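Let's take a walk through this model together. Have the sequence and the 3D view side by side, and follow along as we go.

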Amino acid sequence: MTAQLSDDVRALLLSRIKDVADYPKPGVMFKDITPLLADPEAFGALTGALVELAGQYGATKIVGLEARGFILAAPVAVQAGIGFVPVRKAGKLPGATLAQSYELEYGTAEIEVHAEDLSAGDRVMVIDDVLATGGTAEASLSLIRRAGAEVAGVAVLMELSFLPGRAKLAGSLAGAPLDALIVV
């Protein structure tokens, strides 16, 4: 579902997302969120909306997905007064980790989380910038559950409705909410 934002906030966020044609390859219209991050009013409005969702979800931890999910998730965790846990590409975290592979358009990738950062009793909200194919988000839900924690919900700044991310996540959510602040 689409999170409840005022029309003014939605318009502000949309106005700060820049379309970049043919990036990273010809035929792709990249949605650049860096102008949004550079605008304190827009970034503050985005953070506030995500903090509100964290409260609605009853989250006790926030997971941010590498890399732009880190930028969005960390201030939410601070403002909500709860822990932040990064989910990284394989090989980037020291110490004991849990790993989960997932399918890409061509091949596979793997993400990891520190094994001790999530545990039974944690209600985890996953935050990322974009929901596209859903592979990374789906893998993160598996990691959260393997660590013994509960998925409280998933929130993204933007959902690309022309890609199958929402449908791919439907079964993995197991009833947890999926909120997109903007759907394009």
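**A guided tour of the fold and its side-chain pairs**

UniProt, in an unreviewed entry, places the feature "domain: Phosphoribosyltransferase" at residues 43-158; its positions are given in the numbering used here, feature names are shortened, and annotations may be inferred rather than shown by experiment. The end C-alpha atoms of residues 43-158 lie 14 Å apart, and the span is 34% helix and 40% strand. Helices (H or I, at least four residues) and strands (E, at least two) are DSSP runs, numbered from the N terminus.

A word on the ground rules. This is a predicted model, in which local features need pLDDT of at least 70 and side-chain atom pairs count only at pLDDT 80 or more, while totals for chains, interfaces and linings use all residues. Residues are numbered from 1 along each chain as its sequence is written, and side-chain values use heavy atoms, with hydrogens and water left out.

Let's turn to charge. Side chains of opposite charge can pair when their charged atoms come close. The structure holds eight salt bridges, each being a side-chain nitrogen of Lys or Arg within 4 Å of a carboxyl oxygen of Asp or Glu. One of them joins R16 and D39, with 2.6 Å from N to O. R16 sits in the loop between α1 (7-15) and β1 (18-21), and D39 in the loop between α2 (34-38) and α3 (40-57), so this pair links distant parts of the chain, 23 residues apart. R16 is partly exposed at 28% relative accessible area, whereas D39 is buried at 14%; buried means under 20%, exposed over 50%, and partly exposed in between (1.4 Å probe, protein chains only).

Next, look at R68 and D129, whose side chains meet in a salt bridge of 2.4 Å, N to O. R68 belongs to helix α4 (residues 68-80) and D129 to strand β7 (residues 123-131), so the pair ties together parts that are 61 residues apart in sequence. R68 is partly exposed at 38% relative accessibility, while D129 is buried at 4%.

Leaving aside neighbours within four places in sequence, D128 is in contact with L65, R68, G69, L72, A155, V156 and L157, where contact means heavy atoms within 4.5 Å.

One more bridge pairs E159 with R166, their closest N and O atoms being 2.7 Å apart. E159 is buried at 6% relative accessibility, and R166 is partly exposed at 27%.

Now for helix α5 (residues 135-146). Its 12 residues reach 17 Å from first C-alpha to last, close to the 16 Å expected at 1.5 Å a residue; the expected span is 1.5 Å times one less than the number of residues. The buried residues of α5 are G135, A137, A139, S140, L141, L143 and I144. After α5 comes G148, with a positive phi near 95°.

Finally, the rings. There are two aromatic pairs, counted for rings of Phe, Tyr and Trp (its six-membered ring) with centres within 6.5 Å; planes under 30 degrees apart are stacked, over 60 edge-to-face and the rest tilted. Y23 and F30 pair edge-to-face, 5.2 Å centre to centre with 80° between the planes.
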